[in-house]
Amino acid sequence: MKTKDAVIECPACGSKNVEQEKKETTVCVPYGTEKKLSETSFKCLECKTTFEDDISLDEAIKTVLELSKKESVKNILNYFSENRMNFAGMERALELPQRTISRWKTEGAVDASALALLRMIRTFPWLIEVADSKYDRNISDTICFKYIADIFLQLRDREVSRSGVGIHSDGRNTLVLRY
């Protein structure tokens with residue numbers, strides 16, 4: 001079989017009697033949007049071996065993941081804006097140079113460490129308060145406990161949440177955690 005001027009040979013038996021199969025899948029990074037990926041595989045009609053063009057598949061996955069990462073940065077920063085999280089205050093708390101977060105929003109692309117930071121703050125927004133307290137252990141523990149208590153109160157009297165955790169009152173002003 002020929003694809004883009006290249007002859008595809010079976011790696012097992014060397015036959016050129018190969019058929020192409022396409023399969024659509026989706027990939028997504030945290031807080032990104034799903035992206036469709038067309039995976040091409042080949043099947044040898046002689047020995048029935050199935051194989052892929054690993055180089056082009058790796059390039060396609062890398063491209064699609066990069067697009068999803070850019071969108072995740074945009075989605076996270078839009079979430080911060082929509083929830084009135086002050087970029088300048090975040091930068092002060094995290095000791096980032098001025099306008100760093102605004103630059104990330106404008107450029108849409110960040111390095112791996114900045115993306116990890118954005119994901120952590122999006123997942124645990126109370127970390128900004130911890131940073132703002134200069135990571136004082138007592139204050140950090142209080143903030144963390146308050147966050148956990150808020151989660152418990154949100155889950156109270158629900159049967160079971162998506163995570164498989166439920167909390168109910170046992171009638172004695174005690175919350176019982178079921179998981």
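The protein chain has a mean pLDDT of 86, and 84% of its residues reach 70 or more. The model is predicted: local features need pLDDT of at least 70, side-chain atom pairs count only at pLDDT 80 or more, and totals for chains, interfaces and linings use all residues. Residues are numbered from 1 along each chain as its sequence is written, and side-chain values use heavy atoms, with hydrogens and water left out.

**Confidence**
- pLDDT is the predictor's confidence in each residue, from 0 to 100.
- Among the elements of the chain, helix 2 (residues 87-94) has the highest mean pLDDT, 97.
- Strand 1 (residues 2-3) has the lowest, 52.
- Where pLDDT is low, the predicted coordinates should not be read in detail.
- Helices (H or I, at least four residues) and strands (E, at least two) are DSSP runs, numbered from the N terminus.

**Helix 1 with helix 4**
- Helix 1 (residues 54-82) packs against helix 4 (residues 112-123) at about 40°, with the axes 10 Å apart.
- Axes are lines fitted to C-alpha atoms, for helices over the stretch in contact, and angles run from 0 to 180 degrees between N-to-C directions.
- The two helices are therefore oblique to each other (under 35 degrees is roughly parallel, over 145 roughly antiparallel, 65 to 115 roughly perpendicular, the rest oblique).
- Helix 1 contributes Lys-69, Ser-72, Val-73, Ile-76, Leu-77, Tyr-79 and Phe-80 to the contact (heavy atoms within 4.5 Å).
- Helix 4 contributes Leu-115, Leu-118, Arg-119, Ile-121 and Arg-122.

**Helix 1 with helix 3**
- The axes of helix 1 and helix 3 (residues 100-107) come within 9 Å and cross at roughly 130°.
- That makes helix 1 oblique to helix 3.
- Val-73, Leu-77, Asn-78 and Ser-81 of helix 1 meet Ile-101, Trp-104 and Lys-105 of helix 3.
- Val-73 and Leu-77 of helix 1 are also listed in the contact with helix 4.

**Salt bridges**
- The whole structure holds 6 salt bridges (a side-chain nitrogen of Lys or Arg within 4 Å of a carboxyl oxygen of Asp or Glu).
- Glu-71 and Lys-35 form a salt bridge through their side chains, at 2.7 Å, N to O.
- Glu-71 lies in helix 1 and Lys-35 in strand 4 (residues 35-44), so the pair ties together parts 36 residues apart in sequence.

**Around Thr-50**
- Thr-50 sits in strand 5 (residues 50-52).
- Leaving aside neighbours within four places in sequence, Thr-50 is in contact with Ser-41, Phe-42 and Lys-43.
- Thr-50 and Pro-11 are 39 residues apart in sequence and 9.4 Å apart in space, C-alpha to C-alpha.
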